[in-house]
Amino acid sequence: MTVYSPALDTTATRTLDLGPAVELVSKEEGHRQPLAPEFVSAEDFSPLEVAYDFGRVRREDIEAGPRNIWRYKKLLPVPSRVEEIPNTEPGCTRLVRADRLAKALGLRRVWVKDDTGNPTHSFKDRVVAVALAAAREFGFDTLACPSTGNLANAVAAAAARAGWQSVVLIPSSLERAKILTTAVYDGALIAVDGNYDDVNRLATQLAAENEGWAFVNVNVRPYYSEGSKTLAFEVAEQLGWRLPEQIVVPIASGSQLTKVDKGFRELGQLGLVEETPYRVYGAQATGCSPVSTAFRNGHDVVQPVKPDTIARSLAIGNPADGPYVLDTVHRTGGSIEDVTDEEVVAGIRLLARTEGIFTETAGGVTVATAKKLVETGKLDPDAETVLLITGDGLKTLDALEDRIGPKATVPPSADAVREALGG
């Protein structure tokens, strides 16, 4: 089966082994070009994304695959033997039925897609694994990125596992935990005085100047972004090969939200799931909410902002896929909301208290936004809901350190403990 580009001429791409991927297509006007490490169409200057000729894909073939994202290799732009090459093997994280959280939120049925179980404890391991596999086919030898933290961890780890060099650029204000958990892999970690958007502009310049560097979210971005589809694939498979009725996704660049939607649509087009309707909801922090603001005001253009939020992994003031997030949310009948830093912390604590899952600030944004969407009547309380929890709380301890701690400090005495407990 061909998705997005029927009647493809793939002769120019036969020397590459990128599985079912056959060419790149511009998002705006559908201009087609051969597979290459490029991310913007020269024809209409819109982002490029991967088009496929999937052929026949069966559930049983997927279920017989490895317990990682390579079980979906026939749906990704990766080599046909990708699982045989050293990589971090991300994916197949748990989908948790969250009844206590559902009750607290006022929802009938909630599932938490807990991506804290990935190798570097965030969903970024998925996208980096796909980017590395494609970059190897294109002949790169260095893995690089600009990052707000989780991507830095994932790139440094994936490069180390593959025996590659890494170059990681981060804002100098990044959380200390994310700096340490990148530096430990001993790649080239460069802190830049500026916010993520400054770092991203620098990365684009460096990508043009260094032919051997694969910037996962710049020159190999079309392939990298496809890794987020595996979240959709896993959710559907873990639900028994069906789609949820509604899903809440945090927004940074916006790519994850659009690719989750793309993954659901591809499963339906291939007959792997019934094409039932679903709604996609976006979550942002108020201190960096350009997409939420555009949605609220009825705009189709996203105005850049200067980020000011504890949710630093979502602090992208000029999100590349913002307009496409708006398109997706409108098309599926969803909504986009934002929440304050205080609500983010409350969301972190609510998920921990009800389900024993400790999420970073991005997950706090997701939970708090779900709560707000229920309260404003935008989430259907009777519909089955999935919340994407994309990173581990150990990465953002600074968001909590002045807000929680021991209930009491007592001498080593049973009586003192009983007194502290109100006994």
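Here is a short tour of the predicted model.

This is a predicted model, where local features need pLDDT of at least 70 and side-chain atom pairs count only at pLDDT 80 or more, while totals for chains, interfaces and linings use all residues. Residues are numbered from 1 along each chain as its sequence is written, and side-chain values use heavy atoms, with hydrogens and water left out.

The chain holds 14 helices and 14 strands (DSSP runs, H or I of at least four residues for helices and E of at least two for strands, numbered from the N terminus). Its C-alpha trace spans about 80 × 45 × 45 Å along the principal axes. Because the chain has 423 residues, a compact globule would have a radius of gyration near 22 Å, and the 21 Å found here agrees with that (taken over C-alpha atoms; the rule is 2.2 Å times the number of residues to the power 0.38).

Of the 423 residues, 58% count as buried, meaning under 20% relative accessible area with a 1.4 Å probe, protein chains only. Among contacts (heavy atoms within 4.5 Å) between residues at least 6 apart in sequence, 71% join residues at least 24 apart.

UniProt, in an unreviewed entry, lists residues 90–391 as "domain: Tryptophan synthase beta chain-like PALP"; such annotations may be inferred rather than shown by experiment. This span is 45% helix and 17% strand, and its end C-alpha atoms lie 13 Å apart.

Now look at helix H8, residues 229–238: nine of its 10 residues are buried, among them Lys229, Phe233, Glu234 and Glu237. After H8 comes Gly240, with a positive phi near 85°.

Technical notes
Buried < 20%, exposed > 50% of the residue type's maximum accessible area, 1.4 Å probe, protein only.
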